[in-house]
Amino acid sequence: MKNTIYTKLLVTAMLAFSISSCKDDILDPVPQTSVSDLSAYDTADRIESLVNGLYRGVKNGNFLGGRYFIYNDIRGEEFLNQTNNGVTGLQTWNFTINASSNEVNNLWTTAYASINNMNLFLDKVDAASSKISADKLANYKGEARFLRALAYFSLVNIYAQPYTKDNGASLGLPLRLKGENGSGNSNNLKRSTVAEVYAQILDDLNFAETNLPANYATQDLNVTRAHKNTAIALKVKAYLAMGRYSDVVKEAEKIVPTAAPYKAATGVRHELNANFAAIFTTYRTLESILSMPMATNDVPGTQNQLAFYYLAGPVGGGEFSLNPTGIYGSASFADTDDRKKLTSVNGTRIYLNKFTGASPYIDWVPVMRYAEVLLSYAEAKARLAADVDASAVALLNAVRSRSKGSVLAPTTKAELITAILTERRIEFMGEGLRSFDITRTNSPFPAKGPVNAVNTSQSEYVWPIPTTELAVNKDCVQNP
């Protein structure tokens, strides 16, 4: 078993070293012909294909193509399990996860395979600088480092204690920054601290912001490939996770004006889409900062798909219904709200209709939206202010008003912060933010149905390091 994980990493990495007739677009992949490592960087087209392969790695259905966001939602209190299906997140939902669970092992292995792809690319691409322009080289390296930051950010927020618990002193992840490409590589690597992982994430994102283009030639690419504003948006989220609210404000101000109408002044002109439901059907809106695209010949895979989990049968699998005592039943979530209209009652159960695709379930997976930046900005400003911050209230109400939510007028700082956190639950239901918001605020996971609350001191609060990692990495230890 010594090289089990990294054999898998190598196989996945080799798959990324492929040729595709698609030069700039990851939306319509075609059958690929494997090429050797030596020839993978021979031409500009091959190098472009390798970059596309990096995106294909992270959008695997076991990672950011579906399950990562599903797991982060069903750990929270908004959803109730209806099928008791052990394959579709039952252990995640009821907090019976252990180091041997499929969820824990499959997500970790897939994520680290994608990171290995990025590391291999970054290790080798400079040697091929004669094949592409300097701008292209910087662009590609920026994309690789952005995706590495995104992967590590995703992992550290489920397998490690929140940064805000102890200023990042807890054990984080093995921080692999060099490619593994053969049996001669050592698998042993200790876990860096959470603070060290975040330092690397921010270093990658700062590099990405500097080297990525302001935009691409098409809106398809602006939604599916990283550009400067994508890196900024992820920095906003990373600083929010760290509780560094002044830095949240500093980054958000780059793409959010000081007053309405809120629209990015540089790069891709991100703004709220007037029609909330259209974000999840047209996919290419200016609100969409980054999405994982799917197509009939590029599907998330069996039981990885958002619509399968959340839609009632027979179209979906009806795996999880909405909890009527969760945010669905909140007085802040009125029946006249456009977001409430993306739910439906089926018998005695309530289902989320945000993702509507039938089999093969090719809904695009939203990773970041401009609404998230606005609400993160609002929260940071609210927390930094001595009293009710009027600009934070305006940002909050911009998101609410877009969906015909009632205008709020909080009278205290605490009331404003609560309103913003509540709005995030409403706005991003089914988009994988609930667990993130619970852990970064050091809150317990609330009880739901037959499942008891999980407090911050319980081992179940974060996922364990998987047994497959511990078996091949002698320097990696389990959560204390």
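This is a predicted model: local features need pLDDT of at least 70, side-chain atom pairs count only at pLDDT 80 or more; totals for chains, interfaces and linings use all residues.
**Stop 1: the charges.** You will find 47 positive and 45 negative ones in the protein. The centres of these two sets lie 2 Å apart.

**Stop 2: the whole protein.** Now zoom out and switch to a cartoon view. The protein has 17 helices and 10 strands. Along the principal axes, its C-alpha atoms fill a box of roughly 60 × 45 × 45 Å. The radius of gyration is 21 Å, which agrees with the value near 23 Å that a compact globule of 480 residues would have. Of the 480 residues, 60% count as buried. Contacts reach across the sequence too: among those between residues at least 6 apart, 72% join residues at least 24 apart.

**Stop 3: helix 5.** Select residues 102-124, which form helix 5. This helix has 23 residues and reaches 33 Å from its first C-alpha to its last, close to the 33 Å expected at 1.5 Å a residue. Is helix 5 largely enclosed or open? It is largely enclosed by the rest of the structure, because 19 of its 23 residues are buried.

Before moving on, look at Phe 95, in the loop between helix 4 (90-94) and helix 5. Its phi is near 60°, a positive value in a residue other than glycine. Phe 95 counts as buried, because its relative accessibility is 9% and the cut-off for buried is under 20%.

Stop 4: Next, select residues 134-159 for helix 6. It has 26 residues and spans 37 Å from first C-alpha to last, close to the 38 Å expected at 1.5 Å a residue. Helix 6 is mostly covered, with 22 of its 26 residues buried.

Within helix 6, pick out Ala 144. Its relative accessible area is 0%, so Ala 144 is buried. Which residues is Ala 144 in contact with, leaving aside its neighbours within four places in sequence? Show Leu 54, Met 118, Phe 121 and Leu 122 to see them. For a distance to check in your viewer, go from Ala 144 to Leu 120: they are 24 residues apart in sequence and 9.9 Å apart in space, C-alpha to C-alpha.

**Stop 5: Asn 167.** Move to the loop between helix 7 (163-166) and strand 4 (171-174), where Asn 167 lies. Asn 167 has a positive phi of about 60° although it is not a glycine. In contrast to buried Phe 95, Asn 167 counts as exposed, at 57% relative accessibility.

**Stop 6: helix 8.** Select residues 194-211, which make up helix 8. Its 18 residues reach 26 Å from first C-alpha to last, close to the 26 Å expected at 1.5 Å a residue. Show the side chains of its buried residues, which are Val 194, Val 197, Tyr 198, Gln 200, Ile 201, Leu 202, Asp 204, Leu 205, Ala 208 and Glu 209. What covers these buried residues of helix 8? The cover includes helix 6, helix 7, strand 4, strand 5 (191-193), helix 10 (228-242) and helix 11.

**Stop 7: two cis peptide bonds.** Go to the loop between helix 11 (245-252) and strand 6 (288-292) and find Pro 261. The peptide bond from Ala 260 to Pro 261 is cis, with omega near 0°. Another cis bond runs from Gly 313 to Pro 314, with omega near 5°. Pro 314 lies in the loop between helix 12 (306-310) and strand 7 (320-322).

**Stop 8: Phe 79.** Finish in strand 3 (residues 79-81), the place of Phe 79. Phe 79 is buried, with a relative accessible area of 1%. Not counting residues up to four places away in sequence, Phe 79 touches Asp 73, Ile 74, Trp 93, Tyr 310, Phe 320, Ser 321, Leu 322, Asn 323, Leu 352, Met 429, Gly 430 and Lys 448.

Technical notes. Residues are numbered from 1 along each chain as its sequence is written. Side-chain values use heavy atoms; hydrogens and water are left out. Helices (H or I, at least four residues) and strands (E, at least two) are DSSP runs, numbered from the N terminus. The radius of gyration is taken over C-alpha atoms; the globule rule is 2.2 Å times the number of residues to the power 0.38. Buried means under 20% relative accessible area, exposed over 50%, partly exposed in between (1.4 Å probe, protein chains only). Contact means heavy atoms within 4.5 Å. Lys and Arg count as positive and Asp and Glu as negative; His and the chain ends are not counted. The place of a charge is taken as NZ of Lys, CZ of Arg, CG of Asp or CD of Glu. The expected span of a helix is 1.5 Å times one less than its number of residues.
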